[in-house]
Amino acid sequence: MPVEIRIPSAGESITEVTVGTWRVAAGTAVAGDTTLVEIETDKANLEVAAPAAGVLVQQVLASGTVARVGDVVAVFEPGAVGATSAAPPDAPPKAEPVVMPSAARLAAVSGIDTATVAGSGPGGRVLKEDVQRAAKPAAAPAASPPAPVKVMSAGSRQEELVPMTRIRKTIAERLVSAQANAALLTTFNEIDMGPVMALRKRHQESFLAKHGVKLGVMSFFVQAAIEGLKAVPSINAEVRDDAIVYKHYYDIGVAVGGGRGLVVPIIRNAETLSFADVEKTIADFGKRALENRIGLDELQGGTFTISNGGI
């Protein structure tokens, strides 16, 4: 017998939500706990999962619909093994790949179609590890950007309209959102980098020979930032609900350019790392960013971010 799936509570202060992306099409057979639809709230996105194995009979609310907690978002039939839509009489229903939530998020960031990923989990479920393997084709070049559309204007002036990739859209949205939702203060302080540059020049050769990586300026920036955060703990804190959380660890985000756009992977517990460890970590991030192999979990949870100043 079909059952109604309702929008769950997302906290006492949240009564209104927006229906996000549907992960499962109507008529699709899924396993229990499979994410059916994302629900967007003011604080975070929630995933509404199938209560048991069965078939999603109907998507009651379309993506983008503003709804309230408790509204019916879907109709689901537990226990059913086939699609509800019409099929050839003797043909077995075609099962859709069951994609775990973490795998779906990583696939969206990596631009991978989960339908092409072979699942290694129970019942053929597509796991995060399966998507990671699919994102590492042997000697695969970085994905080329969409072909530009040239628009001619008056005289010799030309413009190129190039469609953004999915990750570039996400980057743009996040940057704009950060400026719209955060209290921003910009201050400039100049320092003399002469001593640092002289130190690098003096030790560069021995550092490279010993550690196999060049001594860059970013390791100095990371170490300086950590000392500053220790001296002023409130800069390494965040507002969480009605409390301030002071973090006594230092997960430093470092901006690196990738094959598909700017990413900010996190150096975990940077306070425990040496200059060489920091340089090796940043070099590894830069290499994997060009190959589009930075994992979603490596981009989350930073306590402080440093923009890469380059030269």
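1. Rings of Phe, Tyr and Trp (for Trp, its six-membered ring) are taken to pair if their centres lie within 6.5 Å, with planes under 30 degrees apart counted as stacked, over 60 as edge-to-face and the rest as tilted. By that rule, a search of the whole structure finds 1 aromatic pair. Phe-220 and Phe-275 form this pair, which is edge-to-face, at 5.0 Å centre to centre and with 80 degrees between the planes. Phe-220 belongs to helix H5 (residues 218–231) and Phe-275 to helix H6 (residues 275–290), so the pair links distant parts of the chain, 55 residues apart; helices (H or I, at least four residues) and strands (E, at least two) are DSSP runs, numbered from the N terminus.

2. The model is predicted, and local features need pLDDT of at least 70, side-chain atom pairs count only at pLDDT 80 or more, while totals for chains, interfaces and linings use all residues. Residues are numbered from 1 along each chain as its sequence is written, and side-chain values use heavy atoms, with hydrogens and water left out.

3. Phe-220 is buried, with a relative accessible area of 14%, whereas Phe-275 counts as partly exposed at 30% (buried is under 20%, exposed over 50%, partly exposed in between, with a 1.4 Å probe and protein chains only).

4. An open sheet is formed by 4 strands in the order E1-E8-E6-E3, with antiparallel pairing (two strands pair if DSSP finds at least two bridges between them). Strand E1 (3–6) and strand E3 (29–30) stand at the edges with a single partner strand each, so one side of each is left without a neighbour in the sheet. Val-30 has Gly-54 as its bridge partner in E6.
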